[in-house]
Amino acid sequence: MPAPQKKILFCLAGAFSFVCALGTAAAIGTQLWVKGTILCKTGALLVNATGPELEKFIGEIRYGLFHGERVRQCGLGGRPFQFSFFPDLLKIIPASIHVSVILFCTVLIIFTLVGTGFFLYNAFGSPYETLHGPVGLYLWSFIACSCGCLIMILFSSEVKIHHLSEKIANFKEKSFTFKTHSEQFADSFWIILACSLVHFLNTLLIRLAGFEFPFSKPKDSGTATGAADLMY
C-alpha cells in the first residue's frame, strides 16, 4: 500500500483510539451504567396491590461505578436517595469485582492513549520494529480490546449474578424488602462495548495497511521450502 494511504489509515485508527479514551473516561464518572426499577415487595403484599395499584410501589434506580440514585416508592410517593459505593456499599457488594472493573477501565484508558500515540508515530515518524512498529500496534489494540471485554464480563456478573441492584435497594432497609422489577444496562456500558469493537476494527485497519498479523507465516515460505527440497 502506498505511504500516503498508510498515513491516512493510521491517523484514522489514532483518532478512533483517542475518541475511545475520551468516551471511557466520561463513562467512568457517570451514573448511566445500569437503569432499572425496584418493587417494594413488603408494601405491595400488605395491600395486595395488583395492576395499576402496583405502580405506586415501583421505584427507580440508576448507578455507575462510584455513585448512584434510587427513588423509594412504598405507596406514599417517591423519596429520592443518593448513595456512594465508596465507602458506603463496600460491605454488601462484591468489592473485588467492582474494584477490578474500575482498574480495568483505568488500564483501558491508558493503553488506548498509548495506542493513539503509536498510531500517530507510525503515521508521521520512522518507527522501528517490536513495540514501536506494527507488532506494537497489534499489541496495544489487543490489550485494549481485551480490557473492554473483561470490563463487560465482570460488570455483567456483578449486576446479574450477584444481584447488585437488589443489594443496593435493600441497603439500610429494616422495615421494607425491595426486589428488582426490571433492569437494563445503560449508555456507559454500551460505550465500553463500542470501544472494544473500535479496537478490534483498528486491528483490521493495521492489516489493511499491509502489515501481517503477528505470528503469521509468510505466504512464500512454502514456495521457498519446495525450491530448497528440489535442490537436494
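Which pattern does the protein follow, read along the sequence?

## Overall architecture

Read along the sequence, this predicted model follows the pattern α-β-α-β-β-β-α-α-α-β-α-α. The protein has seven helices and five strands, taken as DSSP runs numbered from the N terminus (helices: H or I, at least four residues; strands: E, at least two).

Residues are numbered from 1 along each chain as its sequence is written, and side-chain values use heavy atoms, with hydrogens and water left out. Local features need pLDDT of at least 70 and side-chain atom pairs count only at pLDDT 80 or more, whereas totals for chains, interfaces and linings use all residues.

## Burial, surface and contacts

Of the 232 residues, 38% count as buried, that is, under 20% relative accessible area with a 1.4 Å probe, protein chains only. The accessible surface comes to about 12,800 Å², and carbon and sulfur atoms hold 68% of that surface; the areas come from the Shrake-Rupley method with a 1.4 Å probe.

Among contacts (heavy atoms within 4.5 Å) with a separation of 6 or more, 70% join residues 24 or more positions apart.

## Packing of H3 and H4

Helix H3 (residues 95-124) packs with helix H4 (residues 134-161) at an angle of about 160 degrees, their axes lying 8 Å apart. H3 is therefore roughly antiparallel to H4, a term for angles over 145 degrees. The residues of this contact divide into 20 nonpolar, eight polar and one charged.

## Surroundings of His-199

His-199 lies in helix H6 (residues 187-208) and counts as buried because its relative accessibility is 2%. Leaving aside residues up to four places away in sequence, His-199 touches Ser-17, Cys-20, Leu-108, Thr-112, Ser-141, Ala-144 and Cys-145.

Notes: Buried < 20%, exposed > 50% of the residue type's maximum accessible area, 1.4 Å probe, protein only. Axes fitted to C-alpha atoms, helices over the stretch in contact; angles between N-to-C directions. Parallel < 35°, antiparallel > 145°, perpendicular 65-115°, else oblique. Nonpolar A, V, L, I, M, F, W, Y, C, P; charged D, E, K, R; others polar.
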